[in-house]
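Let's take a walk through this one together.

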Amino acid sequence: MEIKKRIMTENPLNAEPPITALRSWLTPNEAFFNRNQGAIPSEPIDIKQWRLKITGEIKKEVELTFDDILEMPKVVVANTFECSGNSRSLLKEKAPGNPWTIGGVANVIWTGVNLKDVLMMAGLTDKSNHVAFEGFGRPVGGSGVEFIRSIPIDKAMDSTILAYEMNGEPLPNPHGYPMRALPLGWYGANSVKWLNKIIVKEHPYEGYFMDKAYRIFQKGQDPKTGEVVTEIKLKSIITKPLNGDILKRGRILISGMAYAGSHTIEAIWLSYDRGNTWHECQFTGPNQKYSWRQWQYLWDVETSGDYTIVSKAKDSKGNEQSLQGKWNAHGYCNNGILDHAIKITIL
Ligand SMILES: Nc1nc2c(c(=O)[nH]1)N[C@H]1C(S)=C(S)[C@@H](COP(=O)(O)O)O[C@H]1N2
Ligand SMILES: [Mo]
């Protein structure tokens, strides 16, 4: 399948697929968005030379080859993966950064090993509170620092995998070959690509990509006091029809996806009057923890005119999406209902 992505920046590569590529429950690897702070390794890393080192606040250092990884218990899990900057360009008030529409998201089947199994080989101590991930070590971006991120030990032990396959294929080079960290249900920034080192720490890792980027804060506020971007927020998207479509009166199929990190989707509604009245939609796809849920609505339209259609999801905790996305300095986590409105014309 040829999929032509919209390139936002070429170097480093930041690109989103067309919305039509987001209509299937599984996203093909070729349609997986690209988000890079720095260079992609120019050659795939040599698997024979590659090692995964576990160091820091642990009982003993461990070094694993790729063959060692393949001999460990395998985990296969579908997981929806989203960049925290996704939908930034749809915010009512603009925020700086890549102008994603809704394409900075994908649902794929990941194969890997449990991070817990690797950490248990190293042995935890009473100072093993955070787990930092380091990858391909070229300093990146204007900041000139390495892309290193840490997550709390509970997430690391409970639901984080070290992924080496996407949809049954080795990770493509731009997506982190041969391995990336994958805290399930969390924003992409926590998924360090080209992983080669795990550092167990007493305190969260301190650095640009922990303290300045990937935090929710307001202008004038110290970024470090803002909340770290972790679990994917409840959101729904309409993938059919497309914004600006002109359709004939009669029965119109509206469909899309809804997702909520580690929570499942319980209900979804559609409105064609900007959220004044809501109509319950049907689910059409699998209902699995960590994966988005497909939905549809069959709309019998009798009156021609311009319509604004929006969707609203409710998760298993009973949360509902709010009408407008909450603005923050980096424009992260936009999950507003009206921000995701689709405008169509019925003839
Ligand atoms: N080493 C490294 N890992 C990284 C990044 C990066 O720039 N370098 N970007 C992060 C961000 S912000 C996201 S959203 C995802 C994007 O992964 P993808 O390019 O496979 O879509 O990777 C994360 N891991
Ligand atoms: Mo991201």
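How far is a backbone N or O atom of Gln37 from an oxygen atom of ligand 1? The distance is 2.7 Å, and keep in mind that this comes from a predicted model. Arg35 does something along those lines too: one of its backbone N or O atoms sits 3.0 Å from an oxygen atom of ligand 1. For a nitrogen atom of the ligand, look at Ser191, where a polar backbone atom lies 2.8 Å away. Taken alone, ligand 1 would expose 540 Å², and the protein buries 98% of that.

Now zoom out to the shell around ligand 1. There are 18 residues around it, and those that come nearest are Phe33, Gln37, His175, Ser191 and Lys193. So what sort of residues make up this shell, by class? It divides into 9 nonpolar, 6 polar and 3 charged.

Next, the empty space. Rolling a probe the size of a water molecule over the atoms shows where such space is left. Here the largest pocket holds about 440 Å³. Its lining is made of 22 residues, with Lys233, Leu234, Lys326, Cys333 and Asn335 closest to the centre. By class, that lining has 7 nonpolar, 8 polar and 7 charged residues.

Terms used
Residues numbered from 1 in each chain as written. Chains lettered and ligands numbered in written order. Predicted model: local features only at pLDDT ≥ 70, side-chain atom pairs only at ≥ 80, totals over all residues. Heavy atoms only, no water. 1 Å grid on protein atoms, 1.4 Å probe; cavity = no way out; pocket = protein on both sides within 12 Å on 5 of 7 lines; lining within 4 Å. Points joined across faces, edges and corners; volume = space filled by probe spheres on them. Nonpolar A, V, L, I, M, F, W, Y, C, P; charged D, E, K, R; others polar. Near = heavy atom within 4 Å. Polar contact = N/O pair within 3.5 Å; in protein donor to acceptor, adjacent residues only side chain to side chain. Areas by Shrake-Rupley, 256 points an atom, 1.4 Å probe, with all protein chains shown as cover.
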